[in-house]
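Subject: Structure handover

Hello,

Here is the structure I promised to pass on. Please open it first, then read my notes below.

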Amino acid sequence: MASAKLITPEVVRHTPWPMLGFVHELTVENRKLRLEIEALQAKLNQNSANSNKPPSSDSPFKPRAKKTNKTEPRKKRIGVRQQCLRPTEITELHPGPCACGCPDLIDPEPYYIHQHIEIPEPRLDVEHIILYQGRCSVSAQ
């Protein structure tokens, strides 16, 4: 309240009592209105994420989040490379002849390994359990 700095004891002494009462009423009304505005703004800012309202009550006209600036470089992903498994079969693919037609290469070396992993078809173990029934040989006579 910037105007509160202007009210000094000297100003209060020279102000008539009815005017001081009016200023007091305006101050009380101002406080009530500020509290009401805060309550209405809090109610206005409610959505399904911060209240018990259903998501269908949210406004479909909310502003979208800002798009990232295309000139900024993208952040690199931090992760772990997948480990190569022990191969059961190795297939080597060598390049064909170069553009001049020469089929021989000097110091060929692998530059990429691709793993193709096949999940085998499950093998079923079938066990037969045979139940027998019969009659007692003593009671059958």
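Let me start with one residue. Aspartate 125 counts as exposed, at 61% relative accessibility. Buried means under 20% relative accessible area, exposed means over 50%, and partly exposed lies in between (1.4 Å probe, protein chains only).

A word on the basis. This is a predicted model, so local features need pLDDT of at least 70 and side-chain atom pairs count only at pLDDT 80 or more, while totals for chains, interfaces and linings use all residues. Residues are numbered from 1 along each chain as its sequence is written, and side-chain values use heavy atoms, with hydrogens and water left out.

**Salt bridges**

The whole structure holds two salt bridges. The term means a side-chain nitrogen of Lys or Arg within 4 Å of a carboxyl oxygen of Asp or Glu. Aspartate 125 pairs with arginine 123, and their closest N and O atoms are 2.6 Å apart. Arginine 123 is exposed, at 70% relative accessible area.

Arginine 13 pairs with glutamate 10, at 3.1 Å between the closest N and O atoms. These two sit three residues apart in helix α1 (residues 9–14), so about one helical turn separates them. Arginine 13 is exposed at 60% relative accessibility. Glutamate 10 is partly exposed at 39%.

**Fold and surface**

The protein has two helices and zero strands. Both terms refer to DSSP runs, numbered from the N terminus: helices are H or I with at least four residues, strands are E with at least two. Of the 141 residues, 0% count as buried. The accessible surface is about 16300 Å², and 58% of that belongs to carbon and sulfur atoms. Areas come from the Shrake-Rupley method with a 1.4 Å probe; for residues, only the protein chains shown count as cover.

Helix α2 (residues 17–44) contains phenylalanine 22. Phenylalanine 22 is partly exposed, at 44% relative accessibility.

**Pocket**

The largest pocket holds about 1000 Å³ of space. A pocket is an open set of points on a 1 Å grid over the protein atoms alone, where a 1.4 Å probe fits, with protein on both sides within 12 Å along at least five of seven lines; lining residues have an atom within 4 Å of a point. Its volume is the space filled by probe spheres set on the points, which are joined across faces, edges and corners. The lining has 24 residues, and Ile90, Thr91, Glu92, Ile113 and His114 lie nearest the centre.

Best wishes
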